[in-house]
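Here are my notes on the model, point by point. Please keep the structure open while you read.

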Amino acid sequence: MGYLFDVNEYASRLCLELGLKHFDMWKILNNYNLILKHDIWVSQRSNRGLLVDCVYLYCKKEGLDISIEALKRATKKEFGISTQARPSKWCDNNELQFLI
């Protein structure tokens, strides 16, 4: 049986590991869901990759000092697999960028 991605658990563990507040996690999850359900979203990233991208972009927007390397380390520590933020794969679409 394969791994079932639970976005709420993943976000909770990742945000806790990064020292983000519960409030931040809910904003990140909101951004994630807005993008995932948007009409023009094409699945260029896995759901896990999109969530990591949303964490990175949210932190950047809020002026929080979270680097791509810090995210890779946190995902490796928490989940055993490092996931790198790569918002450039889809973030060139201004309509989706606006959602963050």
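1. A word on terms. A residue is called buried when its relative accessible area is under 20%. Keep in mind that this is a predicted model.

2. Start with helix α3. Its buried residues are G49, L50, L51, V52, D53, C54, V55, Y56, L57, Y58 and C59. They pack against three helices: α1 (7-18), α2 (22-36) and α4 (68-79).

3. The length of α3 checks out. The helix covers residues 47-62, which is 16 residues. At 1.5 Å a residue it should span 22 Å, and its end C-alpha atoms are 22 Å apart, so the two agree. After α3 comes G63, with a positive phi near 75 degrees.

4. Now helix α1. Its 12 residues reach 16 Å from first C-alpha to last, close to the 16 Å expected at 1.5 Å a residue. V7, Y10, A11, L14, C15 and L18 are its buried residues. Viewed down the helix axis, they fall within an arc of 120 degrees, so they line one face of α1. Their cover includes α2, α3 and α4.

5. Look at both ends of α1. At the start, a side-chain oxygen of D6 comes to within 3.1 Å of the backbone nitrogen of N8. The helix is followed by G19, whose phi is positive, near 80 degrees.

6. Which residues have the most contacts inside the largest nonpolar core? They are L14, L18, L20, I28, L51, V55 and L71, in a core of 28 residues. The helices α1, α2, α3 and α4 each give two or more residues to this core. The largest share, nine residues, comes from α3.

7. Take L51 as one example from that core. Beyond its neighbours within four places in sequence, L51 is in contact with F5, V7, Y10, A11, I28, L29 and Y32.

8. How many aromatic pairs are there? The count comes to one. The ring centres of Y10 and F79 are 3.9 Å apart and the planes lie at 10 degrees; planes under 30 degrees apart count as stacked, so this pair is stacked. The pair links distant parts of the chain, with Y10 in helix α1 and F79 in helix α4, 69 residues apart. Both Y10 and F79 are buried.

9. Leaving out residues up to four places away in sequence, F79 touches Y10, R13 and L14. The C-alpha atoms of F79 and L14 are separated by 9.0 Å, though the two residues are 65 apart along the chain.

Conventions: Residues numbered from 1 in each chain as written. Predicted model: local features only at pLDDT ≥ 70, side-chain atom pairs only at ≥ 80, totals over all residues. Heavy atoms only, no water. Helix = DSSP H or I, 4+ residues; strand = E, 2+ residues; numbered from the N terminus. Expected span 1.5 Å × (residues − 1). Buried < 20%, exposed > 50% of the residue type's maximum accessible area, 1.4 Å probe, protein only. Contact = heavy atoms within 4.5 Å. Phe/Tyr/Trp six-rings, centres within 6.5 Å; stacked < 30°, edge-to-face > 60°. Core = buried A, V, L, I, M, F, W, Y, C linked by side-chain atoms within 4.5 Å. Arc of directions from axis to C-beta. Polar contact = N/O pair within 3.5 Å; in protein donor to acceptor, adjacent residues only side chain to side chain.
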